[in-house]
Amino acid sequence: MEAYKIEHLTKQYGIKTVFEDISLSISNGDKIALVGINGTGKSALLKCIAEIEDHTGVVTHPNGFTIEYAAQSPVLDETKSITDNVLDINHPVMKLFAKYNNILKEMETDYNEQLANDLSNVQSQIEQLDGFTYRASAEAILTKLGIKDLNVPVSALSGGQKKRVALAKSLLKAPDLLLLDEPTNHLDFESIYWLIQFIKNYNKAVLVVTHDRYFLNEITNRIVELRNGKLYQYRGNYEDYIVQKAEDEVIQANQEQKEKQLYKQELAWMRKGAKARTTKQQARIDRFSDIEDKVKSHAKTESMEIDLAHKRLGKQVFEIENLSMMFGNKKLFSNFSDIVQTTDRIGIVGQNGTGKSTLLNLLSGELLASEGIIKVGQTVRIGYYRQEDITLDKDMRMIDYLREKAEIGMTSTGEKVSVTQLLERFLFPSAVHGTYISKLSGGERKRLYLLSILIQGPNVLLLDEPTNDLDTETLTILEQYLESFNGAVVTVSHDRYFLNKAVTSYWYIHNGTVHKVLGSFEDYLAMKSQLELQTEKKVVEKPVESKQNEVKQKRVSYKDKRRFDFLTEAIETLEQEIENIDAAIAQETTNYDRLNQLTKERSEKEMLYETYYVEWDELTERME
């Protein structure tokens, strides 16, 4: 059923038309990806749908229809904690929680029967609104997105952590239409996998902009491409889109060839001095005008091209001996040794905060190791693509910025290429070369930044999250370039699709050790599972320390006792509900809509059960 429609949408920035007279309809349960080359207006379209920016479109949707936009660069209240940012203070449940906490505070100094009754009444109201589930869901979502300490002020978070908090806030609202702009940026593999399952089980509509092709392939049932100011729609996932688009391009090319041939024939007739003496001749002249308009309107298909030479590289690149790195009292990794050779393609993987980017900074020489040494080959010339393009001066014009890096480029065949030609090959038309960098989209800046590194002819590439903000077409071209690149590549990336294309071995940072894995992403996953299983066994075998060694146990408050009673009952209820759902799933064999609904319900119950159980276990230890 159609839930949202926007028609005749046009968007302009000054004299530049981003898209014109486009329409899009979204049905309940749709999982749609919006794709297109950087700078075509994908984020602008999301903002128009979210009513954040003005537009000329006609919007229709049911009364009470809700839309939530998770932006690339979110704005949070820096003075508040993570939890307070995510939870809506105007939500009826949150008002009841405030009342609940005030009563508890009074009871600490003046316990009486009236307050106990008031507390019980408020707790009943919270339970009727499923309030404890609301709060627990917020904590569970944040945890799954890699945010552990929920009471930290937002001002203390990194940019990536703030993005995850904002994403959690949007997911918790559960709108009728969820708009996600590059949601996988700054997520590790575990969080991405969780988000995939969340969206698959989400029973409302989702429209997402992302570069992550594995993510796209897993969640979408429709792809919408924004190209030359128009929308083109394809049914299926990312792989289906690639096949359908290739078929469409063949059909379009054949049609354009026929129109060009007909145009040549009619042009020859016109040049002979055709005159409108009869109605038939006039009609032919009119038809010529129509054919001429069609041929002139043929959009020139442009594709990005990376063909840049690099300096010769000797056999030795990096020799790493007993490398260890500490930040304060925190050990990232220790005693790491390896040799990186000319044709190596290495992916650095591990959870956020384990030291992946730090390891790149050590290889580049920007950081000094706590212990150990890195020997760098004499012929090594490093090109370092950072997550944050710190060298981009937004007050410069793009052509001037690039000329600061090199006056000319050199192709793999020895041909000299001007900066202007290189910009055009990187899909920057000559008309925009004088544009200030501040006017470029995030993706366009990343593309320019990539060109500024490659134009200098590096023979070793260090790439820190190179897929963030680049469009899928640029990523495909980059992968092709890396395949023919004769130097070494070491990359940090959360993009599974990219890693399977670009690397042949991994450094997996886990529990302070860098493990070497040879093979594909699937081989890395197998190693990861094995190591996690070993860690779990060690935790089980570790003897429990005597409580007598603790200097002072935490005092258990009345609030804690009430919470413990609630959790005990809630856990028992959830166990029974999950058991009932499993029985229903086993009996349901033909109704796939019902199966999807049951699976979603089970996933939600399990997530809540896990959150409750962790809290119950902590309270149990404190009460022993």
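Keep in mind as you explore that the model is predicted.

**Aromatic pairs**

What is the partner of F65? The ring of F65 pairs with that of Y4, and the pair is stacked because the planes meet at 25 degrees, under the 30 degrees that count as the limit. Y4 belongs to strand β1 (residues 2-13), while F65 sits in the loop between β4 (58-60) and β5 (67-70), so this pair links distant parts of the chain, 61 residues apart. Y4 is buried too, at 1% relative accessibility.

Y238 and Y497 form another pair, this one edge-to-face, with planes at 85 degrees. Y238 lies in helix α9 (residues 238-271) and Y497 in helix α16 (residues 496-502), so the pair ties together parts that are 259 residues apart in sequence. Here Y238 is buried, with a relative accessible area of 5%, whereas Y497 is partly exposed at 27%.

Here are the two pairs side by side:

| Pair | Centres apart | Angle of planes | Type |
|---|---|---|---|
| Y4 and F65 | 6.1 Å | 25 degrees | stacked |
| Y238 and Y497 | 6.4 Å | 85 degrees | edge-to-face |

Across the whole structure, a search finds 16 aromatic pairs. Ring pairs also join F189, Y506, Y508, F521 and Y524 into a cluster.

**A charged patch**

Now for the surface: E127, D565, E569, E572, E575 and E579 gather there in a patch of negative charge. Which helix gives the most to the negative patch? Helix α18 (residues 558-587) does, with five residues. E572 is found in this helix and is exposed, with a relative accessible area of 52%.

Note on methods
Residues numbered from 1 in each chain as written. Predicted model: local features only at pLDDT ≥ 70, side-chain atom pairs only at ≥ 80, totals over all residues. Heavy atoms only, no water. Patch = residues over 30% accessible without salt bridge, like charges linked within 9 Å, V, L, I, M, F, W, Y side chains within 5 Å. Areas by Shrake-Rupley, 256 points an atom, 1.4 Å probe, with all protein chains shown as cover. Salt bridge = Lys/Arg side-chain N within 4 Å of Asp/Glu carboxyl O. Lys, Arg positive; Asp, Glu negative; His and termini not counted. Charge placed at Lys NZ, Arg CZ, Asp CG, Glu CD. Helix = DSSP H or I, 4+ residues; strand = E, 2+ residues; numbered from the N terminus. Buried < 20%, exposed > 50% of the residue type's maximum accessible area, 1.4 Å probe, protein only. Phe/Tyr/Trp six-rings, centres within 6.5 Å; stacked < 30°, edge-to-face > 60°.
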